[in-house]
Amino acid sequence: MKISQSTVVCQCCGSSFSKEAVRLPNGHLYCPNCIQLGRVSSDLALVHQKEPARIPQAVKLIWAGKLAPQQISGSQQVSKAMKQKRNLLLWAVTGSGKTEMLFKGITAALKSGERVAIVDVCRELYPRLQAVFPEIDILLLYGSSEETYRYSLLTICTTHQLLRFYQAFDVLIIDEIDAFPFADNPQLAHGVAQSRLPKSSLIYLTATPSLKLLRQIKDDFMIEKIPARYHRRPLPVPKLLWWNKWRQRCASGKKLKKLTQLLKRLLSQNRVLLFCPSISLMEMLAEHLKKNFPELAIATVHGNHPRREEIVTEMRENKYQLLLTTTILERGVTFEKLSVIVLGANHRVFNQAALIQIAGRVDRKGPPSQGEVIFIYDEMTKAMRQALREINAMNQAGIKAGLVDEV
Ligand SMILES: [Zn+2]
């Protein structure tokens, strides 16, 4: 810990405190901010293992898929950035197949014996990378995971776990970068900065970069924009459905006709994911809908739901026709034959990025199924307008580049 007259700075996570606030009974100082990783205190020295020299390895990529033309371009940019130790923002629309665009670059880095880390909030990358790199021992570090640390060429972890590393990675990839509030959490930015080698490549992946992020990175990142999905179909454009007093109606269960009719129509073709602005409103509405549709398999899910992961798996296995959810499923999930409703799209939890991500759940893979995206609202918001503008702009860019077929 770096100690000055009145303050102390934790070398592990970068947090600073007044000395008096963090004094232990034995007189030493400690860091409360990163205590989950093991207590850092002033009587202990932080040590790090010296990174071994990079030794070329034989690495096999087992993948029989084929990249679409825009994925080839994305893949080349990723490989180039990794090789030249430069930073890249891969701005790729939802459903563009960004994971596949990483394969080539990661293979090349691993072949040169370099260490690669991927920060993944959605926990979707591990099984996919394990499948394509069956001979690589991937270290998976999550708060709840039982795995203990060992040296590994490929690490998948949370931003928090990055604090365990000091100048270790040649390549650091952060998936869904816009989901991390770096600005609000200097600890995360510290983890990114200290875990990578001075000469390394930082790759950000997102479908929805904020203006703030774009401003932050404009001087030291290349930007590669992928405006099209691999299957060449345009992004589904949300349809607006005005429904006065949606909140009161869904809470009371009275005058739900507009919603029930919409559900009937959508459910005749696809399953439906219904996004709600709060858990309490969702639970009330679920009860009313169960009465209205006694035959229907209906479930609810949210971030603290004890069966969260099982419910998502069951949805994937077609066990439900209607799943009500909070924004927890706005990204990282793919269900085939799906329509999406955002109930109360004008609610403040549905910001521009959330609305674009939610709309992006539809028509991701499989044959086209006429999946729709419906925003139910009673007041227009800036976020809704911007989301619509952005989706239309990406479709236009895709068509113009010859990567999207007009419908
Ligand atoms: Zn700390």
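Strand β12 (residues 271–275) is joined to strand β14 (residues 322–325) by 4 bridges, and the two run parallel; strands here are DSSP runs of E with at least two residues, helices are runs of H or I with at least four, and both are numbered from the N terminus. Within this pairing, V272 has L322 of β14 as its bridge partner. The model is a predicted one, in which local features need pLDDT of at least 70 and side-chain atom pairs count only at pLDDT 80 or more, while totals for chains, interfaces and linings use all residues. Residues are numbered from 1 along each chain as its sequence is written, and side-chain values use heavy atoms, leaving out hydrogens and water.

The pair belongs to an open sheet of 6 strands, ordered β11-β16-β15-β12-β14-β13 with parallel pairing, where two strands pair if DSSP finds at least two bridges between them. Because β11 and β13 stand at the edges with a single partner strand each, one side of each is left without a neighbour in the sheet.

| Edge strand | Residues |
|---|---|
| β11 | 239–242 |
| β13 | 298–301 |

From one strand to the next, the twist averages 20 degrees, with angles running from 0 to 180 degrees between N-to-C directions of axes, which are lines fitted to C-alpha atoms, for helices over the stretch in contact (heavy atoms within 4.5 Å). Helix α10 (residues 352–359) lies across β12, β15 and β16, and runs at about 155 degrees to β15.

Elsewhere, helix α2 (residues 100–111) has 9 of its 12 residues buried, that is, under 20% relative accessible area with a 1.4 Å probe and protein chains only; among them are M101, F103 and L110.

Key:
Buried < 20%, exposed > 50% of the residue type's maximum accessible area, 1.4 Å probe, protein only.
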